[in-house]
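Q: I have a sequence and a model on my screen. How do I start reading them?
A: Bring them up, and we will take the features in turn.

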Amino acid sequence: MPTYDFICNDCNEHFDVFLSFAEYGKKKVSCTHCKSKNVRRRMTKVRVAKSDEGRMESMADDFSGFEGLEDDPKSMGRMMRKMGREMGEELPPEFNEVVDRLESGQSPDEIEKSIPDLGKTDSGDND
Ligand SMILES: [Zn+2]
């Protein structure tokens, strides 16, 4: 059963609540300290090594679908957006720009030329 991390808005105490997925969102949670129902879910980045592994695997599956997408920028853009979400991390503004351009039908080559910074991911010793 998953543990949810809550903070009480009244007394500011942190507490954990065990809720099944069925209970979550239905069951009223109250503060274990002052019984207040004025509580909020605490947003924590839940990143467990094991689930990361699973995520990488599912991304690898996505990547295998990449072949042939060079000719289909819109599908490529959609796929990149999906992967960006799965990574769950803040993505650099360039990423969104690339995805936007792909989705508007620009080819990866065009995009690479118009965003010169994109090529600089290698340690920069080709100057
Ligand atoms: Zn409280």
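Predicted model: local features only at pLDDT ≥ 70, side-chain atom pairs only at ≥ 80, totals over all residues.

Q: How many helices and strands does the protein have?
A: Count four helices and three strands. Their order along the sequence is β-β-β-α-α-α-α.

Q: What share of the protein counts as buried?
A: Of its 127 residues, 24% are buried. The accessible surface is about 9,400 Å². Carbon and sulfur atoms account for 50% of that surface.

Q: How do I describe two packed helices?
A: Two packed helices are described by two things: the angle between their axes and the distance between the axes. Now take the case here. Helix 2 spans residues 73–87, and helix 3 spans residues 93–103. Their axes come within 7 Å and cross at roughly 150°. That angle makes helix 2 roughly antiparallel to helix 3, because angles over 145 degrees count that way.

Q: Is the crossing of helix 2 and helix 3 left-handed or right-handed?
A: Helix 2 passes helix 3 in a left-handed crossing.

Q: Which residues of helix 2 and helix 3 meet?
A: From helix 2 come P73, K74, M76, G77, R78, M80, R81 and G84. They meet F95, V98, V99, D100, L102 and E103 in helix 3. By class, this contact has seven nonpolar, two polar and five charged residues.

Q: What is the distance between S104 and G77?
A: Compare sequence with space. S104 and G77 are 27 residues apart in sequence. Their C-alpha atoms are 8.7 Å apart in space.

Q: Now the strands. Is C8 buried or exposed?
A: C8 is buried, because its relative accessible area is 0% and buried means under 20%. Look for C8 in strand 1, residues 3–8.

Q: Which residues is C8 in contact with?
A: Leave aside the neighbours within four places in sequence. C8 is then in contact with E13, F15, C31, C34, S36, N38 and V39. Take N38 from that list. C8 and N38 are 30 residues apart along the chain, with C-alpha atoms separated by 6.2 Å.

Q: Where is H14, and what does H14 contact?
A: H14 lies in strand 2, residues 14–18. H14 is partly exposed, with a relative accessible area of 44%. Neighbours within four places aside, H14 is in contact with F6, I7, H33 and R42. The C-alpha atoms of H14 and R41 are separated by 9.8 Å, and these residues are 27 apart along the chain.

Q: What share of contacts join residues at least 24 apart?
A: Count the contacts between residues at least 6 apart in sequence. Of these, 37% join residues at least 24 apart.

Q: Last, the backbone angles. What is the phi of N12?
A: N12 has a positive phi of about 65°, although it is not a glycine. N12 lies in the loop between strand 1 and strand 2. At 53% relative accessibility, N12 counts as exposed.

Q: What about the phi of K35?
A: K35 has a positive phi of about 65° and is not a glycine. Find K35 in the loop between strand 2 and strand 3, which covers 39–41. K35 counts as exposed, at 59% relative accessibility.

Methods: Residues numbered from 1 in each chain as written. Heavy atoms only, no water. Axes fitted to C-alpha atoms, helices over the stretch in contact; angles between N-to-C directions. Helix = DSSP H or I, 4+ residues; strand = E, 2+ residues; numbered from the N terminus. Parallel < 35°, antiparallel > 145°, perpendicular 65-115°, else oblique. Left-handed = near helix turned anticlockwise from the far one by under 90°. Contact = heavy atoms within 4.5 Å. Nonpolar A, V, L, I, M, F, W, Y, C, P; charged D, E, K, R; others polar. Buried < 20%, exposed > 50% of the residue type's maximum accessible area, 1.4 Å probe, protein only. Areas by Shrake-Rupley, 256 points an atom, 1.4 Å probe, with all protein chains shown as cover.
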